[in-house]
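I am opening a notebook on this structure. My entries follow the order in which I looked things up.

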Amino acid sequence: MNDNHVCTSVHYQKHSGLFLQEKMSSCALLAVLFSLPLAAGWVMLGEREEEQTVCVGKEFRLPVYSTSRTVTFTPNPPGMRRVLLDKTVVKDSRFNWTRDKMLVLKEVTHEDQGLYAIKLSSGFTYETVHLTVSECIKSYQRNYGDNFEHNIPENASLLEFSPRGSPLEAMPVVLWNRTDPDTSKAGRGRLLHGGKAWVAERVTQADQGNYTMRDGGGKVLSRSTLTVHGHAFNVTRFTKESLNLPLFLPVPHAHLIFTPTQHPDKSSLGPFDPKPPRGPVHLIREGKITDHDMRYRGLISLGRNGSINEVVIARLTIRHDGVYEIRDANGNLVSSTSLQVIEKVGRWRAILKSITVPSGMFVSLAGFILFMKRYPNCSLTQIIAGLRTNRTPPANPPRVVCQVRKIIRTRVNPALKLQASVTLSSLEHQGNGPHKPVQPVLVTLLLYKELHLNRLLLM
């Protein structure tokens, strides 16, 4: 109104046209300056949105920060919108209005999921909060034989268990009931820490599933899920060493199953060796060692390492590569060990090899250098050509005719001297070649014996 009055007074003044235009431009500028903060405020208010996620049974706090505002709620899935707060009057008994001007919901349910809008007294939406209600299931991981502990709130009355893989329509198992102590005594687990915790000792894969805590009215206070894993080991050993496998359970309940990494090589077997199995092999059944596989006959034994029972496999070879699974009587996986056996080379053999190989190369090189100095006119190509020369034997070998003459001479001594002369009388070559005489070769054999001449036998 003041701006219009100024513009009117200026309009009626009798000044020059230039002075009138300057006043009108100043009026427009003042109007723009007044409208900018208001427009910016409306835009900022309309952009205030927030998203929150709250677990079932937990508290939800909505800040209002004013006693002149209204809070409405639109459920999701879509439903009818209703007023939760009108200035300082709470319209829903499940909500409370605090001194710090906050709207508080003590226990959230799935029905509280939706859109919460805070409106000014003029009806303009000042802020919106999108609330998502989640089960907030806590996940727990345990190894076979560990303990699983579940805290019990003060307002809790019931603990239910749904095994993993059970159908949705199946009734859950009651593990603990505050009003019926006999249920806790007969079921799995027990109470500890003055009734503030429920504990399942030595869990197995049968304890996997969902655990739900409820109050006296049946409302869900918390949900959790348990997953049980077998112990996992990766082991590397040299040949002739031993492998120790902890059992984690009593010996009579133990089963040891071996799955080879690769199929056995039949060429390494003897003529009387039985063919090894190609699939999983039961090495221990209900705590007793079996002898079905010749690879392990006499190599498996049961021992004890402190308070833990264990299986010992001695004198390992590369045929023992594979996976060793220990299971209980119900088939639950206790542990899984992956074994790799490496061929072990003797220490002295490795040292000797490291010495002889370089020294042999050095001696060979030195010999070659000395040979080239001794025979400088001999080249490497000549040596190779000489080695490659083929010397074929003659097609028709020579024929030898032997004549033997025996000559007996006696002396005063009764010993006998035997002289045999063998003359190579003729040497002929088959074919058209000429005869080549050869000088006779005389071989004299002297044999002395103290025998009489009449008892000598000449052969």
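**Ground rules.** I call a residue buried under 20% relative accessible area, exposed over 50%, and partly exposed in between, using a 1.4 Å probe and protein chains only. I note that this is a predicted model, where local features need pLDDT of at least 70, side-chain atom pairs count only at pLDDT 80 or more, and totals for chains, interfaces and linings use all residues. Residues are numbered from 1 along each chain as its sequence is written, and side-chain values use heavy atoms, with hydrogens and water left out.

**Confidence.** I checked pLDDT, the predictor's confidence in each residue, from 0 to 100. The protein has a mean of 76, and 67% of its residues reach 70 or more. Strands (E, at least two residues) and helices (H or I, at least four) are DSSP runs, numbered from the N terminus. Confidence is highest in strand E25 (residues 322-327), at a mean of 96, and lowest in strand E28 (residues 416-428), at 40. Over residues 400-459 the pLDDT is below 50. Residues 32-45 stay under 50 too, with 6 contacts beyond four places in sequence. A contact here means heavy atoms within 4.5 Å. Where pLDDT is low, the predicted coordinates should not be read in detail.

**The sheet.** I traced an open sheet of 6 strands with mixed pairing, in the order E18-E26-E25-E20-E21-E22. Its edge strands are E18 and E22, each pairing on one side only. Two strands pair if DSSP finds at least two bridges between them. E20 and E25 are antiparallel to each other over 6 bridges.

**Salt bridges.** My rule asks for a side-chain nitrogen of Lys or Arg within 4 Å of a carboxyl oxygen of Asp or Glu. The count comes to 10 salt bridges.

- Glu325 turns up again here, in a salt bridge with Arg327 (3.3 Å, N to O). Glu325 is partly exposed at 23% relative accessibility, and Arg327 is partly exposed at 24%.
- Asp112 meets Arg94 at 2.8 Å, N to O. Asp112 is in the loop between E7 and E8 and Arg94 in the loop between strand E5 (89-90) and E6, so the pair ties together parts 18 residues apart in sequence. Asp112 is buried at 2%, whereas Arg94 is partly exposed at 33%.
- Arg190 meets Glu201 at 2.6 Å, N to O. Arg190 belongs to strand E14 (residues 190-192) and Glu201 to the loop between E15 and E16, 11 residues apart.
- Glu59, Arg61, Asp100 and Lys106 are linked in a network of salt bridges.

**Rings.** I paired rings of Phe, Tyr and Trp (its six-membered ring) with centres within 6.5 Å; planes under 30 degrees apart are stacked, over 60 edge-to-face, and the rest tilted. How many aromatic pairs does the structure hold? I found 9. Phe60 and Tyr116 have ring centres 5.1 Å apart and planes at 50°, so I logged the pair as tilted. Phe60 is in strand E2 (residues 60-63) and Tyr116 in strand E8 (residues 114-119), 56 residues apart. Phe60 is buried at 0%, and Tyr116 is buried at 1%. Phe258 and Tyr296 make an edge-to-face pair, 5.4 Å centre to centre and 65° between the planes. Both residues of the pair Phe258 and Tyr296 are buried. Ring pairs also link Tyr140, Phe148, Phe161, Trp198 and Tyr211 into a cluster.

Most residues other than glycine have a negative phi, and most peptide bonds are trans. I looked for departures.

- The Asn76 to Pro77 peptide bond is cis, with omega near 15°. Pro77 sits in the loop between strand E3 (70-75) and strand E4 (82-86).
- Lys101 has a positive phi, near 65°. Its place is the loop between strand E6 (95-97) and strand E7 (102-105).
- Lys240 has a positive phi, near 75°. Lys240 is exposed at 74% relative accessibility.

**Last stop.** Is Gln205 buried or exposed? Gln205 is buried, at 18% relative accessibility. I located Gln205 in the loop between strand E15 (197-200) and strand E16 (209-215). Among the residues Gln205 touches, beyond four places in sequence, are Tyr144, His229 and Asn332.
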